[in-house]
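Q: I'd like to take a close look at one part of this model, the place where its chains meet. Could you walk me through it in plain words?

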Protein chains: 2
Amino acid sequence: MTTILINPFEVAPELPEDQFLAGWQRAAEYMRSQPGFVSTKLHRAVSPDAKFRFVNVAEWESPSAFQAAVTREEFRAMAGRGPANYPALYEVAVTIEPDSAPSGEEVNQ
Amino acid sequence: MTTILINPFEVAPELPEDQFLAGWQRAAEYMRSQPGFVSTKLHRAVSPDAKFRFVNVAEWESPSAFQAAVTREEFRAMAGRGPANYPALYEVAVTIEPDSAPSGEEVNQ
């Protein structure tokens, strides 16, 4: 079963978006080269004063694959230069759709 | 175009999961009854000491539909009793998949 990484970034409204994106892209390209990476989506807040201006949601083949990728020195040096962020691994606990009962199983949309 | 709500919840590791889930389910059932709701997925952290033990990722038909739902008194009373949380609306800024170049467009998986 795959695992989901969710990482909210605290990015000040004053920081130019391009500057954040350049750093994030470097990290994402590194991640893409690692075993077990599946995909990632960077979300941008509609309102720039959101507490978390960007949130990354990625899929990995397993928690251990993700942990191996982020503990490599190459990544730690990159991540240390970025804004405050709170990465953690998740599983889907509940899915609710308009015409179905709440379910503990993930439902494809 | 739909909009994405991401809401990280700061839930203490000591709080019984059932207690949080019961409150979240009530709020989610309310949301499901509102115009413009599409779907929602509640994510549970694999490690209970994650800063955000739960993260809700929902889809709405539009920002205004979501704003209308959360400004109703019925919802405000419910949300006021829950743990600290940071809801905001997002759009996908970048999608990266293993065998494609980075893209500003969402790619179905």
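How many salt bridges are there between chain B and chain A?

A: Keep in mind that this is a predicted model. Between chain B and chain A the count is two salt bridges. Let's take them one at a time.

One of them pairs A:R44 with B:E91, and their closest N and O atoms are 2.8 Å apart. A:R44 sits in strand 2 of chain A while B:E91 sits in strand 4 of chain B, so this pair joins two chains. As for B:E91, its relative accessible area is 27%, so it counts as partly exposed.

The other bridge links A:E91 and B:R44, again with the closest N and O atoms 2.8 Å apart.

Now, A:R44 has another partner. It also forms a salt bridge with A:E17, where the closest N and O atoms are 3.0 Å apart. A:R44 belongs to strand 2 (residues 37-45) of chain A and A:E17 to helix 1 (residues 17-32) of chain A, so this pair ties together parts that are 27 residues apart in sequence. A:E17 is partly exposed, at 26% relative accessibility.

B:E17 has a relative accessible area of 25%, which makes it partly exposed. If you search the whole structure, you'll find ten salt bridges over all chains.

On the side of chain B that touches chain A, strand 1 (3-9), helix 1 (17-32), strand 2 (37-45), strand 3 (54-60) and strand 4 (88-96) each supply at least two residues. Sorted by class, that side has 26 nonpolar, eight polar and ten charged residues.

The strands pair up across the chains as well. Strand 4 (residues 88-96) of chain A runs antiparallel to strand 2 of chain B, and six bridges join them. For example, A:V92 has B:H43 as its bridge partner in strand 2 of chain B.

Finally, the area. The two chains bury about 3,700 Å² between them, with 61% of it on carbon and sulfur atoms. In chain B, the residues that lose the most area to chain A are B:K41, B:Y90 and B:I96, together 18% of what that side buries.

Methods
Residues are numbered from 1 along each chain as its sequence is written. Chains are lettered from A and ligands numbered from 1 in the order in which they are written. This is a predicted model: local features need pLDDT of at least 70, side-chain atom pairs count only at pLDDT 80 or more; totals for chains, interfaces and linings use all residues. Side-chain values use heavy atoms; hydrogens and water are left out. Buried area is the accessible area (1.4 Å probe) that two parts lose on being put together, summed over both. A salt bridge is a side-chain nitrogen of Lys or Arg within 4 Å of a carboxyl oxygen of Asp or Glu. Helices (H or I, at least four residues) and strands (E, at least two) are DSSP runs, numbered from the N terminus. Ala, Val, Leu, Ile, Met, Phe, Trp, Tyr, Cys and Pro count as nonpolar, Asp, Glu, Lys and Arg as charged, and the others, Gly among them, as polar. Two strands pair if DSSP finds at least two bridges between them. Buried means under 20% relative accessible area, exposed over 50%, partly exposed in between (1.4 Å probe, protein chains only).
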